[in-house]
Structure formats: C-alpha cells, structure tokens
Amino acid sequence: MIAASGNAYSIDATILPLSLYLDSELGYTYSVLRNGSVIDVDPSQLSAEWYASPSLSDLRAEGPTRLPVADPNDLSGLGGNYIELVLTYSNGSDVVSTHFYSPSQVNTSNRPMVFDTWYSGIEMSESPATATAVANLFSRDTAVETEPPGPMSYRVGFYYYSDASPFEAFDTLALLAQSYPRTSTIRVDAFLTSFTNPNDVLPLSERFSYIGDDIYLLRTVAKPRLQHETPLHPNDTIGLQDVAQVLADIDALTNDLTIDIAIYSEWQESSDQGESWVTAEGEVQNSTSYSNYSNLSEGKIYRLKLTSTSRNGVGNSDTLYSDVSTQVQSSTQTNYDILFDDVQTPQVSVSLPVSTDLLVNGAAAPFSGRAVRWEVVDPDGVISYTANSDTYTPRADDVGSKLRVTVTYFDDQDLPLVSRDLTTETVIAAPTDTDMLALLDSLSSSLPLTPDGVSVGTVVSLTSADQAAIDASSVNVAYEWQEGEVGSWLPLAVNQTNVSYTAQTGNIGKRLRLKLTLTAGGEEVERVSQYTSEVQPNEAKLETFTLFLEFDRDESRLSLTDASMTRLDKFIEKNNISTSDYAWLRIPANSGFDAGVVVGNEKDGYIFESDDEGFSHALRVTLTNANNEPSMLFSAITLAWDGNQYTGDGSDLELELTRLRYMDVLTLQGGRNTCINW
C-alpha cells in the first residue's frame with residue numbers, strides 16, 4: 001500500500017485465538033513494514049474494527065450479511081460466523097488499512113475446558129531468534145496451566161512464517177532462513193492436539209524478532225546453468241549460459257559491505273554418476289573468481305559449486321549448485337562443436353532467428369539436418385511454452401520470461417550428432433508504433449538474402465517481397481552490410497548503406513549479411529538477415545547471374561530451365577570458356593551452399609533418389625577460361641523435396657519451381673516465342 005507521503009506499507013496481522021468459540025475474546029498480533037523494514041508501532045497508532053458474517057464472500061465484498069461485532073469480548077451470538085478485522089495504522093500523516101479474516105467460523109460451543117490446563121505460551125530458544133532457534137511451549141499461569149505436552153495429554157506442532165511471505169509455512173527456521181534470509185520478524189503458530197480426543201485442537205500464535213543469516217542470500221543468485229555441447233568431448237569447454245547474471249548477482253552481494261557474505265566458486269567432477277563429488281582436476285578450491293573449465297576427462301560428469309560463508313569464514317555456510325553436465329565421451333569420438341551468433345534481446349512481435357555453424361576440429365562439418373527448439377522459461381524456471389522452428393516471434397505472454405533455444409544437428413541416418421542450448425535475455429514488450437508493427441509483420445521471419453550463392457561481382461539484396469514491404473512503409477530503415485562468420489561480424493570496411501551490395505574481392509572466403517535498423521515514433525528495432533554462403537572468387541571477371549531450375553515429377557529429375565540452359569550456352573560461347581563443371585548439390589533444408597554435398601555432375605540434370613527426400617538442392621557451375629581462370633555461377637536453392645507425396649500443398653517441387661519461371665522467361669504478347677532474359 002502506498003501512502004500519501006509515498007511510503008510503501010505492508011501490514012500483517014493474525015486474528016486470535018486461531019480457533020474461535022462463543023466464549024472467546026477477539027484479539028490480534030501484528031507487524032507493520034514501511035518501505036520493506038519492520039517499524040515500531042505504538043498501540044495508539046492502531047485501530048481495529050470487527051465484522052461478522054456467515055458468508056466469507058459477503059465479508060470480502062462488504063455484502064448485506066456483513067455486520068459490525070458489537071462486543072469483541074462477547075461472541076455468544078456469533079456461532080457459525082466468520083470474523084473480519086479491519087486494522088488501520090495512522091501516524092498523523094500516513095493512514096493505511098488492511099483486512100484480515102478468520103480461517104474458520106466461530107464454533108457453536110464454548111472453549112473446551114481441557115484447554116485451560118494446557119500450556120498456552122510460545123517462547124523461542126534464542127532471543128532474538130536466528131536460523132538455529134526452536135520454539136517451545138511454556139505455562140503462562142503455573143497455578144492453572146499445569147499440563148505440558150506429552151503422550152498422556154497432547155502433542156504440539158510448530159510452524160514458522162516470515163514477514164517476507166506471511167502465508168508460507170516452514171517446519172524449521174533453518175528452512176525459512178534459506179528461502180527468506182532478510183526476514184526481520186517471524187510468526188510462530190502452534191497446534192496442540194489431544195491424544196484422547198483428536199478433535200480437540202488448540203491453536204496458538206506469537207510473533208518474535210528475528211535476525212537472518214546473510215550467507216543464505218546466496219539463494220538469491222541466479223541458478224548457474226551449464227553451457228556445453230552434447231555429447232561432451234574431452235577437448236570441449238564447459239561454461240555458463242547465464243554467466244553475466246550469475247556474476248552480477250554475486251557482485252551485488254559481495255560489494256555491499258552491509259552484507260556479511262563471501263562467495264566462492266569451484267568446478268567439481270564425479271566419476272560415479274554423481275554419487276560422490278570432488279574438486280575437479282586442476283581447480284583451485286574456494287576461488288573468488290570464475291572461469292570456464294576445459295580440463296575434461298573421459299567418463300566423468302561436472303558441475304559448478306558456489307559456496308557462501310561470512311566474510312571471516314566463521315559460522316554457517318550455504319551452497320548453490322549448477323545443473324550437471326552430460327558424461328564426457330571417449331577422445332576417440334568425433335569432436336563436434338556448435339558455434340552461435342549472438343542472439344538479440346527478444347522483443348514481442350520481432351522475429352528472432354538463431355544462426356549457427358557445425359564444426360569438427362575447427363572446420364565446417366557435414367550434416368543432414370538441423371532442428372531448433374524454443375522454450376519460454378518464466379522467472380521461476382518453469383517452461384510455459386515451446387515451439388519448433390528456425391525463428392521465433394515472442395508473444396505478449398512472454399514478457400518477463402527468457403527464451404531457451406536448443407539447436408541439434410543430425411547425420412544422414414537422422415541420428416543426433418551434437419546439440420547445444422543457450423538462454424536469451426529477458427523478453428521485452430513490443431514496439432508501440434503502428435507503422436513499425438505493420439512493417440515487422442510484413443517482413444519474412446528469417447529475412448533471407450538473395451542469392452545465397454555469391455561470387456565476386458554478384459549483387460546481393462533482400463528478397464523483392466521484403467524490399468517492397470520496406471519501400472511501402474513510412475518507417476525509416478537504415479542498411480548496414482556486414483561480412484564475417486558466425487560469431488564474428490563486422491561492418492564492411494567501406495561503409496555500405498545501400499539496399500543492395502556487390503560482392504568484392506576483399507569479401508572472398510567470408511559471408512555477407514545485412515543489418516536493418518528500423519526507426520519510427522521514437523522507437524528503434526534491429527533485424528538481422530540470414531547470411532549468404534561464402535563469397536567465391538571470380539578470377540575470370542565474368543558477369544554473374546542466377547540460374548533457374550525446373551523439376552520433372554515423372555522422372556524425379558532436376559535440371560536447368562530451357563531459358564537458363566540457352567543463356568548459359570551463349571554465355572560460355574561468348575566468353576571463350578574452355579571447361580564448364582556442373583555440380584548438383586544436396587543441401588540440408590533451410591541451409592545454404594556451404595552445407596551442400598555434391599551428388600551429381602551431369603549437365604542435363606540430376607535424378608533424385610530416396611536419400612534426397614527432405615533435402616533442398618541447387619546447381620553450381622564452375623566456368624574456366626582459356627587462361628585457366630575460374631568463375632562460379634549458382635542457381636537458386638530449391639525447397640526441400642517431399643518425395644512427390646503431397647502435390648498441391650505448397651511443398652511440391654515441380655509446381656513451386658514453375659512459379660519461379662516467370663523470372664526467367666517472358667511470353668511476348670500476341671506471340672508464342674519466348675524472350676531470353678539477359
């Protein structure tokens with residue numbers, strides 16, 4: 001509750017006695033927090049109003065059956081009613097009120113006589129209480145309360161509540177301290193139950209001052225989440241996905257001199273599947289600095305251990321562990337690694353791609369497929385939503401959560417080669433500008449560049465559909481062309497800000513991508529395109545153009561269109577080409593030329609086999625002139641072949657390639673002949 005002064009108040013109260021009878025006298029215990037800290041309150045600053053109703057919902061809604069209690073010390077006419085306490089705190093300037101309700105109705109009988117002889121006082125073994133304190137009963141009146149708990153009378157159970165979470169019960173203060181180390185007052189509820197008549201239950205409640213142990217603030221540090229490939233190779237390195245958050249949380253605690261805590265990190269290993277753990281080989285125990293761990297051994301599993309103590313090392317300690325790694329495989333196994341591009345901060349309505357490379361011993365590795373799984377992880381670590389796609393567009397419900405993306409590569413038997421996941425920053429809200437939102441919705445989710453196969457001299461741009469969406473929008477769009485590899489991108493040395501870019505000699509061996517900066521209504525959003533395949537040389541300095549393909553479903557043959565074949569033949573003749581090498585490539589779906597494997601070399605096309613199902617395909621033609629100077633031309637990459645199973649559903653290769661042929665062949669109005677598109 002925010003008072004007029006701007007102070008934030010929280011009032012916690014318990015109606016006493018916990019079980020109400022016709023002869024009970026109403027009372028309460030309380031604590032008042034101002035701006036998160038318990039304050040001393042003079043009883044004159046509190047006023048209590050009491051109400052009763054047989055309907056708890058009427059009490060909460062201040063309905064017609066809600067009536068004032070005439071005398072809090074006389075409940076004789078209130079059997080079957082719930083009781084409401086309206087507690088108001090006033091210090092002259094701030095006035096705040098809170099409502100509290102009895103957990104059960106007033107009993108229709110008087111208090112059992114046996115309760116008079118039972119102990120009714122609660123005391124703590126320490127004052128003020130700490131995490132090691134325990135509660136006990138004592139006799140408030142030794143002349144009357146003569147019966148202690150015991151097997152011939154009654155048993156007692158104690159429950160502890162923190163002012164930081166008044167409705168969460170703990171069996172011990174040690175458990176409470178671990179969850180709420182900054183607790184300043186506690187409530188202790190005791191339930192006395194008769195052995196001879198279990199229906200006779202006497203509840204008691206008291207409040208006590210409490211001193212927390214700062215070492216348990218370790219529990220406020222983000223749980224370390226390991227980052228590594230699966231399977232794990234001896235040459236791999238284990239790190240943390242959330243290393244920045246973990247270290248920031250640790251620094252926030254250890255740099256605050258009002259908090260008595262020291263935190264140490266240590267990598268641990270186990271050779272018996274977690275039955276026992278020891279300090280990992282080469283690790284320094286109780287280090288105050290964190291580093292990734294690379295000294296992996298076959299057959300072992302690993303975890304990170306964080307330990308907190310007081311600054312002088314005296315007293316209690318607490319630990320926080322990461323998740324456990326997979327078992328390290330044999331060094332004779334292939335060492336696959338997945339390299340990630342930085343993933344942008346996820347934002348609602350902004351498509352989020354994940355760009356990766358598969359490496360083996362530092363070089364590009366062949367694969368047959370890549371799967372991407374997105375998980376929305378809420379602040380409590382609960383997965384609230386999943387999706388399987390190359391890109392993910394965060395939803396409004398995702399704000400405040402993080403995204404965990406897992407990438408898995410597969411071999412030609414569809415068996416996983418390696419997988420790796422990472423966790424993004426917290427999802428932020430969508431832009432509010434309507435023009436910005438409209439453009440974001442119009443752009444393709446993956447933002448591909450065309451063409452994918454690039455030689456020096458090739459003009460690279462967005463697809464015509466994406467560029468048309470930009471041109472039709474009022475949103476200001478800035479272009480920045482970049483070169484590099486996955487995980488390492490730099491703006492081109494000569495700043496390129498045009499809608500297209502012509503590949504240069506200096507780009508050879510590198511990939512290209514485009515960063516768009518969208519600005520509207522004072523808001524800015526970045527979109528990054530897919531990257532192209534590596535730029536190839538063009539030593540012959542030939543013109544580059546895209547080759548177009550067609551597919552014959554009856555023969556399962558992929559070949560050049562007649563127009564492209566004619567154009568290529570004329571081009572070869574015109575430029576004195578001595579040799580032309582045709583390479584038909586089988587390419588994993590949603591990948592580029594760099595991931596392709598040569599499966600055919602015939603000029604007249606390639607006939608698909610069963611192994612081609614699920615793969616995309618493309619043609620690369622290498623032309624060499626009389627001076628032995630090569631140049632490359634590339635076709636567009638087809639969609640994945642469905643085995644001719646689903647004609648007409650948008651995945652049929654023959655139909656989809658036919659739709660693209662208008663780019664290659666023009667039919668002259670009033671005639672039948674075709675015009676070659678030069």
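## Tyr-385 and its partners

In this predicted model, Tyr-385 is partly exposed, with a relative accessible area of 33%. Its ring forms an aromatic pair with the ring of Tyr-392. Tyr-392 is buried, at 5% relative accessible area.

Tyr-385 also has a charged group over its ring: the charged end of Arg-395 sits there, 3.8 Å from the ring centre.

## Other aromatic pairs

The count of aromatic pairs comes to 22. One of them joins Phe-170 and Tyr-180 edge-to-face, with 6.0 Å between centres and 75° between planes. Phe-170 belongs to strand S11 (residues 165-170), while Tyr-180 lies in the loop between H2 and S12, 10 residues away. Phe-170 is buried at 8% relative accessibility, whereas Tyr-180 is partly exposed at 21%.

Ring pairs also link Tyr-21, Phe-115, Trp-118 and Tyr-154 into a cluster.

## The loop at Pro-181

Pro-181 is located in the loop between helix H2 (173-179) and strand S12 (185-194). Pro-181 is buried, with a relative accessible area of 7%. Leaving aside neighbours within four places in sequence, Pro-181 is in contact with Gly-212, Asp-213, Tyr-216 and Leu-217. The C-alpha atom of Pro-181 is 20 Å from that of Lys-305, a residue 124 places away along the chain.

## Nonpolar cores

The largest nonpolar core contains 28 residues, and those with the most contacts inside it include Ile-122, Leu-137 and Val-188. Two or more residues each come from strands S8, S9, S10, S12 and S13 and from helix H2. S12 gives the largest share, four residues.

Setting aside residues up to four places away in sequence, Val-188 touches residues that include Ile-122, Met-124, Phe-158 and Leu-204. A second, separate core has 27 residues, among them Leu-447, Val-460, Trp-481 and Ala-520.

## A three-stranded sheet

Strands S20, S22 and S23 form an open sheet in the order S20-S22-S23, with antiparallel pairing. S20 (336-340) and S23 (363-364) stand at the edges; each has a single partner strand, so one side of each lacks a neighbour in the sheet.

S20 is joined to S22 (residues 356-360) by five bridges. Ile-338 stands opposite Leu-358 in S22. Strands of a sheet pair through backbone hydrogen bonds.

Note on methods. Residues numbered from 1 in each chain as written. Predicted model: local features only at pLDDT ≥ 70, side-chain atom pairs only at ≥ 80, totals over all residues. Heavy atoms only, no water. Pairing = 2+ DSSP bridges. Buried < 20%, exposed > 50% of the residue type's maximum accessible area, 1.4 Å probe, protein only. Contact = heavy atoms within 4.5 Å. Core = buried A, V, L, I, M, F, W, Y, C linked by side-chain atoms within 4.5 Å. Phe/Tyr/Trp six-rings, centres within 6.5 Å; stacked < 30°, edge-to-face > 60°. Lys NZ or Arg CZ within 6 Å of the ring centre and 35° of its normal.
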